[in-house]
Amino acid sequence: MTNEIKFEDALSQLENIVEKLERGELSLDESLAAFEEGIKLSRICSKRLDEAEKKIEILIKGDDGQLEAKDFNLESPKEVVS
C-alpha cells in the first residue's frame, strides 16, 4: 500500500473492506489481513483530509494571522467592484 493513492480510491477500497468484514464470510486470518489493510487505508484518508484542512486554513488566513470567513472556491478569485 502506498501513500500515493488518491483519497477517493483509498476511501472506496476501505468501504469494500468494511463490507467484506460486515458480511462475516472471511476466515479469521483473512479478516485480520483485511482489518490491517483497512487501518492503513483509514490512516491515508485521515492524512489526506488533514492536509486539505491545513491547505484551506492557510488559504483563508488574513495578513494579520486571523482566520477570515471566505467562500471556498476552486476557481481563481475574482475582484468584486463596489
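I began with burial: of the 82 residues of the protein, 13% count as buried. Buried means under 20% relative accessible area, exposed means over 50%, and partly exposed lies in between (1.4 Å probe, protein chains only). This is a predicted model, where local features need pLDDT of at least 70, side-chain atom pairs count only at pLDDT 80 or more, and totals for chains, interfaces and linings use all residues. Residues are numbered from 1 along each chain as its sequence is written, and side-chain values use heavy atoms, with hydrogens and water left out.

**Overall make-up**

I looked up the secondary structure and found two helices and zero strands. Helices (H or I, at least four residues) and strands (E, at least two) are DSSP runs, numbered from the N terminus. I then checked the accessible surface, which is about 7200 Å². Carbon and sulfur atoms account for 51% of that surface. The areas come from the Shrake-Rupley method with a 1.4 Å probe; for residues, only the protein chains shown count as cover.

I also checked contacts (heavy atoms within 4.5 Å). Among those between residues at least 6 apart in sequence, 55% join residues at least 24 apart.

**The core**

Which residues make up the largest nonpolar core? I listed eight: Ile5, Ala10, Leu14, Ile17, Ala34, Leu41, Ile44 and Cys45. The elements giving two or more residues to this core are α1 (7–23) and α2 (28–60). Helix α2 gives the most, with four residues. A nonpolar core is a set of buried Ala, Val, Leu, Ile, Met, Phe, Trp, Tyr and Cys residues joined through side-chain atoms within 4.5 Å. In soluble globular proteins, nonpolar side chains tend to be buried together.

I followed Leu14 next. Leaving out residues up to four places away in sequence, Leu14 touches Gly38, Leu41 and Ser42.

**Charges**

I found two salt bridges in the structure. The term means a side-chain nitrogen of Lys or Arg within 4 Å of a carboxyl oxygen of Asp or Glu. One joins the side chains of Arg23 and Glu25 at 3.8 Å, N to O. Glu25 is exposed, at 62% relative accessible area.

Lys40 forms a salt bridge with Glu36, and their closest N and O atoms are 3.9 Å apart. Both lie in helix α2, four residues apart, about one turn of the helix. Lys40 is partly exposed at 38%, and Glu36 is partly exposed at 47%.

Then I turned to Arg48, which is found in helix α2. Arg48 is buried yet has no salt bridge. The nearest side chain of opposite charge, Glu51, is 4.5 Å away. What does the side chain of Arg48 reach? I found the backbone oxygen of Ile5, at 2.9 Å.

**Before α1**

Last, I checked Glu4, in the segment before α1. Glu4 is exposed, at 69% relative accessibility. Glu4 and Ile44 are 40 residues apart in sequence, and their C-alpha atoms are 9.0 Å apart in space.

Definitions and conventions:
Lys and Arg count as positive and Asp and Glu as negative; His and the chain ends are not counted. A polar contact is a pair of N or O atoms within 3.5 Å; within protein, one must be able to donate a hydrogen and the other to accept it, and residues adjacent in sequence count only if both atoms are side-chain atoms.
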